[in-house]
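Work through each task with the structure in view before reading its solution.

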Amino acid sequence: MNIQDTYTGFAFLSCAGWIAMFAAKKSGYLWLGNCLGLVYHIALAPVVQALPAPEFVRIAGYVWIFCDALIDVASINEMGDRQVWALRMGVHIPASIWIIGTSLQMPAFRLAVGVVLGGLLALHAVAGPALPGAKTKLFIFVLPAMTTWLCLIGLRVR
């Protein structure tokens, strides 16, 4: 069995960690939310490896997931919220590259969701500081879009 045959479970594990991370953080359990963020990000490593993409796109995926995992641990260790947020916005650029780059190899609906998600992540990373309520605006579009995209890649058609 190769990684292409087994990454589906990792995509769904990542999606579960993603949803649970938001639920924990919105409920005031920041430490738990960051631990679940580690699950969400690290579970994506086999997915990054399995999805067809140019090498630079795959590298962007690894940079994103491992840097965001580092940021989760920094938050667990009480790095300031402002610094954590700034770093997280910075790693949304390689996240955008990976999401869009892998989506370019996918069927139309997955492609559309991935391009919109990646584009909005990049736009938010750069324009977010100028937006009042930037965290809420990010949450409103990224929670359903990322959930949808992760489920779609988990339900891939050969």
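## Exercise 1: Cysteines

The model is a predicted one.

Task: determine how many disulfides the structure holds, and what the accessibility class of Cys67 is.

Solution. Begin with the cut-off, which asks that the two cysteine sulfur atoms lie within 2.5 Å. The structure holds 0 disulfides. For Cys35, the nearest cysteine sulfur is that of Cys67, 19 Å away, and Cys35 is in no disulfide. Cys67 likewise is in no disulfide, its nearest cysteine sulfur being that of Cys35. Finally, Cys67 has 33% relative accessibility and therefore counts as partly exposed.

## Exercise 2: Aromatic pairs

Task: find how many aromatic pairs the structure holds, and classify the geometry of Trp18 with Phe22 and of Trp98 with Trp149.

Solution. The structure holds 6 aromatic pairs. In one of them, the ring centres of Trp18 and Phe22 are 4.7 Å apart and the planes stand at 85°, so this pair is edge-to-face. Both residues belong to helix 1 (residues 3–26), where they are 4 residues apart, about one turn of the helix, and both Trp18 and Phe22 are buried.

Turning to Trp98 and Trp149, their ring centres are 5.4 Å apart with planes at 90°, so this pair is edge-to-face. Trp98 lies in helix 5 (residues 81–103) and Trp149 in helix 7 (residues 134–154), so the pair ties together parts that are 51 residues apart in sequence. Trp98 and Trp149 are both buried.

Note on methods. Residues numbered from 1 in each chain as written. Predicted model: local features only at pLDDT ≥ 70, side-chain atom pairs only at ≥ 80, totals over all residues. Heavy atoms only, no water. Phe/Tyr/Trp six-rings, centres within 6.5 Å; stacked < 30°, edge-to-face > 60°. Helix = DSSP H or I, 4+ residues; strand = E, 2+ residues; numbered from the N terminus. Buried < 20%, exposed > 50% of the residue type's maximum accessible area, 1.4 Å probe, protein only.
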